[in-house]
Amino acid sequence: MGRRRPGDDPDSDNDGLMDGSEIMSYSTDPNDFDSDDDDYSDGKEVIEGTDPLDPNDFPLTQSIEGFNIIYIIGFTAASLLLITFVKIKKKNRHLFYI
Ligand SMILES: [Ca+2]
Ligand SMILES: [Ca+2]
Ligand SMILES: [Ca+2]
Ligand SMILES: [Ca+2]
């Protein structure tokens, strides 16, 4: 442990996870790009937070749900900011002209 040289821990199946990580951390197959055959590579599933060993858990639906939630929150926040800004502007202008 502690010594790292190029080639010591290769990514044999080129899925973005080192062979050592696949065996030690994720229990995935270091020689299989997509261990559960759901069309998403082991590396992609780890990045997206889905289970690389569960073919019913894959990134697509979760990404779409996450995107919608972020979009709704962002849109709501932007609308509230705009309403607040317009109210303040009207109030200030009113005071100014009195
Ligand atoms: Ca790999
Ligand atoms: Ca793999
Ligand atoms: Ca997969
Ligand atoms: Ca999966």
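1. Asp 39 is found in the loop between H1 and H2. Its phi is positive, about 75°, although Asp 39 is not a glycine. Most residues other than glycine have a negative phi. Asp 39 counts as exposed because it has 11 C-beta neighbours inside 10 Å, and the cut-off for exposed is 12 or fewer. This is a predicted model, so the angle is a feature of the prediction.

2. Asn 14 also deserves a look. Phi of Asn 14 is near 60°, a positive value in a residue other than glycine. Asn 14 lies in the segment before H1. With 10 C-beta neighbours inside 10 Å, Asn 14 counts as exposed.

3. On confidence: the protein averages a pLDDT of 86. A score of at least 70 is reached by 80% of the residues. Confidence is highest in helix H1, residues 19-26, at a mean of 96. The lowest value belongs to helix H3, residues 59-97, at a mean of 80. Where pLDDT is low, the predicted coordinates should not be read in detail.

4. On the overall fold: the secondary structure comes to 3 helices and 0 strands. Along the sequence the pattern reads α-α-α. The protein has 98 residues, of which 17% count as buried. Take the contacts between residues at least 6 apart in sequence: 17% of them join residues at least 24 apart.

5. Which residues does Ser 35 contact, leaving aside its neighbours within four places in sequence? They are Thr 28, Asp 29, Asp 42, Pro 52 and Leu 53. Ser 35 sits in the loop between H1 and H2. Ser 35 counts as buried because 24 C-beta neighbours lie inside 10 Å; the cut-off for buried is 20 or more. The C-alpha atoms of Ser 35 and Leu 53 are separated by 6.2 Å. Along the chain, these two residues are 18 apart.

6. Ser 27 is found in the loop between H1 and H2. Is Ser 27 buried or exposed? Ser 27 counts as exposed, with 10 C-beta neighbours inside 10 Å.

7. Phe 58 is in the loop between helix H2, residues 42-48, and H3. Why does Phe 58 count as buried? Because Phe 58 has 20 C-beta neighbours inside 10 Å, and the cut-off for buried is 20 or more. Not counting residues up to four places away in sequence, Phe 58 touches Asp 38, Tyr 40, Glu 45 and Thr 50. Tyr 40 is 18 residues from Phe 58 along the chain. The C-alpha atoms of this pair are separated by 6.9 Å.

8. Gly 49 also has its place in the loop between H2 and H3. Gly 49 is exposed, with 10 other C-beta atoms within 10 Å. How far apart are the C-alpha atoms of Gly 49 and Pro 59? They are separated by 7.7 Å, and the two residues are 10 apart along the chain.

9. Positive phi values occur at Asn 14 and at Asp 39. Ser 35 is buried, and Phe 58 is buried. Ser 27 is exposed, and Gly 49 is exposed. Helix H3 has the lowest confidence, at a mean of 80.

Terms used
Residues numbered from 1 in each chain as written. Chains lettered and ligands numbered in written order. Predicted model: local features only at pLDDT ≥ 70, side-chain atom pairs only at ≥ 80, totals over all residues. pLDDT = per-residue confidence, 0-100. Helix = DSSP H or I, 4+ residues; strand = E, 2+ residues; numbered from the N terminus. Contact = placed C-beta atoms within 7 Å.
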